[in-house]
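Student: Please take a close look at the cavities. I would like their size and lining set out in one connected account.

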Amino acid sequence: MKIKINKLRKIGSLGALTIIVLIGSCSEDFLVDTNNRDLTSEVVFSSDETALAAVTGVYDAFQNDSQGDPGVPNEYNVKGIHRWANSTGLDFLNNENPETSSYLNFNPDPTSNDVVTKIWPNHYRQIGRANISLENLRAAVENGSVNSDLGNRLIGEVLVLRAISYQYLAEVYGGVPLMLSTTDDPFKARDTEEAVFQQIVVDATEAIDKLPWTYERDKGRVSKAAAYTVLGNAHMWLGQYGDAVAAYEALENSPVLALEENFLDIHALENPNGKESIFEIQWAANADLAWSRNDEVNILQLFAMPTDITGGGGFTGIPTKELYDAYEEGDTRRTATVLAPGEEHPDPAINIIDYDGIDINTVGTVEEPWTGGSPETRSGYWAVKSWRDPNITGWGRDVLFGGQGHIWMRYGGALLSLAEAALKDGQNAKAQAAFDRVRNRAWGGAAPAITVTMEAILQEYRLELAGEFSLWGKIRRSGEAIQFIKDNYDLDMPVDRQIYPIPASQISANPNLVQNPGY
């Protein structure tokens with residue numbers, strides 16, 4: 001069962017930041033206090049129930065916050081994280097003129113680019129909530145206000161959530177200020193990228209022993225598998241490949257984690273938090289556009305579906321023909337990732353002809369591809385992983401939003417990281433075995449044999465994780481991003497464009513921040 005988002009309430013100012021507590025979970029119980037004017041950190045963390053609600057508020061920074069910045073963080077997921085992970089690698093482009101595209105021209109604007117301006121503030125909002133929670137949880141466990149077993153588990157969850165935020169910040173911007181306490185100087189200078197990943201190792205290592213492998217009810221919570229995955233990634237960034245192998249191999253101890261037999265099932269609407277999902281952002285299944293609306297909804301499908309169906313949107317995460325052509329014949333991941341003109345949707349729950357005003361069961365035709373009237377900016381190819389809910393109809397129609405989760409970490413990606421770490425550590429047999437597991441699943445049995453190399457692993461990352469929320473971080477982490485772009489798109493990525501600029505607004509607010517080179 002998911003962590004359901006039923007209601008948000010601002011419950012008071014804790015230190016320098018305001019914590020947003022998520023009210024409600026899988027049950028219909030609400031932790032509602034009608035008088036919230038005098039709440040303090042001591043009150044909020046005075047019982048198991050309130051501590052649990054406060055930590056759920058840390059998760060909420062990854063979801064939509066109706067009391068936060070406009071368009072953040074729901075747009076942060078769609079236009080920030082998704083565009084960074086997929087558009088930076090050039091397999092998913094937006095509805096932009098190719099001549100002026102900030103992605104094709106490697107020229108993100110520090111003042112307006114969605115990746116630049118949405119990822120920084122949202123993750124630091126989450127880090128602030130995490131720091132408040134960590135300090136108060138440790139005190140509450142020590143003084144007995146919160147059950148020690150629950151309190152330590154919650155500490156583990158928050159440590160991993162903070163580590164995930166720092167992971168994305170470092171992967172997007174390079175070195176960033178490490179804020180680890182509510183008393184840290186808000187005008188700190190940037191720490192190095194290496195220091196950030198060293199701190200992630202510290203946090204993830206502490207969290208591992210505090211977390212369970214799985215939860216009976218709230219499947220969306222951070223697990224031991226998420227901690228090991230974050231730890232393995234940090235070791236990879238630090239060049240500690242033997243330690244990374246150990247972290248990724250520890251996932252084999254999970255009693256619930258496994259590859260889905262059918263690749264198409266990974267992102268199925270009816271398979272939330274499935275056996276391959278390691279960390280998945282949770283969304284509610286219904287919402288509207290009223291002032292009192294429930295904002296905890298996934299809008300990615302609305303923005304990624306063909307505009308010929310929805311009547312609007314269709315400008316985030318548009319896959320390219322190059323991505324489609326990169327899949328070998330027999331690779332089942334192609335039809336589960338990108339649709340070409342004239343193809344039917346592979347999910348049996350979605351019949352294209354059932355949408356209002358549509359008289360064919362394919363995404364256009366070869367002769368007349370669906371481009372929403374913009375053939376110069378839309379490819380006629382459409383994404384599958386984010387288009388899995390048949391209930392969403394589109395702009396000007398009945399249903400705009402849905403509850404399909406965003407999988408940020410999954411076992412298939414972790415196995416490829418294991419292959420990379422093992423290869424770089426000289427454990428070639430182990431690398432080949434992990435690599436083959438991923439490819440064999442893609443073929444539904446036995447894939448054509450390929451000797452594992454770094455070039456082959458980069459292609460597998462591309463084909464396995466396309467359209468998800470982690471791809472570019474792994475490409476940049478490999479140290480071969482520039483060659484990857486050259487080999488696949490025949491473009492010369494400037495060395496300083498592997499990372500994004502610090503938002504101009506942050507540079508203006510903090511005189512100690514130094515902009516990334518070249519911006």
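Tutor: A cavity is a set of points, on a 1 Å grid over the protein atoms alone, where a 1.4 Å probe fits but cannot get out, and its lining residues have an atom within 4 Å of a point. The model is predicted, with local features needing pLDDT of at least 70 and side-chain atom pairs pLDDT 80 or more, while totals for chains, interfaces and linings use all residues. Residues are numbered from 1 along each chain as its sequence is written, and side-chain values use heavy atoms, without hydrogens or water.

Six cavities of 30 Å³ or more are counted.

The largest cavity contains about 220 Å³. Of the 20 residues that line the largest cavity, Thr229, Trp408, Met409, Ser470 and Lys474 lie nearest its centre. At least two lining residues each come from α5 (148-173), α7 (224-237), β8 (406-410), α12 (411-424) and α15 (471-477), where helices (H or I, at least four residues) and strands (E, at least two) are DSSP runs numbered from the N terminus. Strand β8 gives the largest share, four residues. By class, the lining of the largest cavity has eight nonpolar, seven polar and five charged residues.

Notes:
On a 1 Å grid over the protein atoms alone, a cavity is a set of points where a 1.4 Å probe fits but cannot get out, and a pocket is an open set with protein on both sides within 12 Å along at least five of seven lines; lining residues have an atom within 4 Å of a point. Grid points are joined across faces, edges and corners, and a volume is the space filled by probe spheres set on the points. Ala, Val, Leu, Ile, Met, Phe, Trp, Tyr, Cys and Pro count as nonpolar, Asp, Glu, Lys and Arg as charged, and the others, Gly among them, as polar.
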